[in-house]
Amino acid sequence: QVQVVESGGGLVQPGGSLRLSCAASGSRFSINAMGWYRQAPGKQRELVAVITSSGSTNYADSVKGRFTITRDGAENTVYLQMDSLKPEDTDIYYCNAVAYLRPGSGYFEVWGQGTLVTVSS
């Protein structure tokens, strides 16, 4: 069984920075991609940033130039550095991992519990 655990959320003033971390753990699995999504009450969950096992990245237009996603492949850990935070970045941030047990076995998704990011003065 694979699970992901997030950390690093909290309260920050507008213009400030936060770093989120997400670690995937379990037995005999490989990661295809890991990413961060966010969701506000009553709204759909939306992609923030994703990074593949090859290092390719994709960002939501609203965070380009402010957020940076990186990974430590050896540790199955992904980080989201969030700079120049705005009040509209306030959301619950969820870590997502797309994993597989062995080549050709098909992918499955794992979600974290979420971590709250609040941007407010």
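What radius of gyration would a compact globule with 121 residues have, and what does the chain have? And which cysteines does the disulfide join?

Modeller: Bear in mind that this is a predicted model. With 121 residues, a compact globule would have a radius of gyration near 14 Å. The chain has 14 Å, so the two agree. Along its principal axes, the C-alpha trace spans about 50 × 25 × 20 Å.

Now the build. The chain has 11 strands and zero helices. Buried residues account for 39% of the 121 residues. Take the contacts between residues at least 6 apart in sequence: 54% of them join residues at least 24 apart.

Now the part you asked about. The count comes to one disulfide. Cys-22 is joined to Cys-95, with an S to S distance of 1.9 Å. That lies within the 2.5 Å cut-off for a pair of cysteine sulfur atoms. The pair links distant parts of the chain, 73 residues apart. Cys-22 sits in strand β3, residues 18-25. Cys-95 sits in strand β9, residues 91-100. The torsion about the S-S bond is about -85°, so the disulfide is left-handed. Cys-22 and Cys-95 are both buried.

The accessible surface of the chain comes to about 6700 Å². Carbon and sulfur atoms hold 46% of that surface. The chain has 10 positive and 10 negative charges, and their mean positions are 4 Å apart.

Key. Residues are numbered from 1 along each chain as its sequence is written. This is a predicted model: local features need pLDDT of at least 70, side-chain atom pairs count only at pLDDT 80 or more; totals for chains, interfaces and linings use all residues. Side-chain values use heavy atoms; hydrogens and water are left out. Helices (H or I, at least four residues) and strands (E, at least two) are DSSP runs, numbered from the N terminus. The radius of gyration is taken over C-alpha atoms; the globule rule is 2.2 Å times the number of residues to the power 0.38. Buried means under 20% relative accessible area, exposed over 50%, partly exposed in between (1.4 Å probe, protein chains only). Contact means heavy atoms within 4.5 Å. Accessible areas come from the Shrake-Rupley method with a 1.4 Å probe; for residues, only the protein chains shown count as cover. Lys and Arg count as positive and Asp and Glu as negative; His and the chain ends are not counted. The place of a charge is taken as NZ of Lys, CZ of Arg, CG of Asp or CD of Glu.
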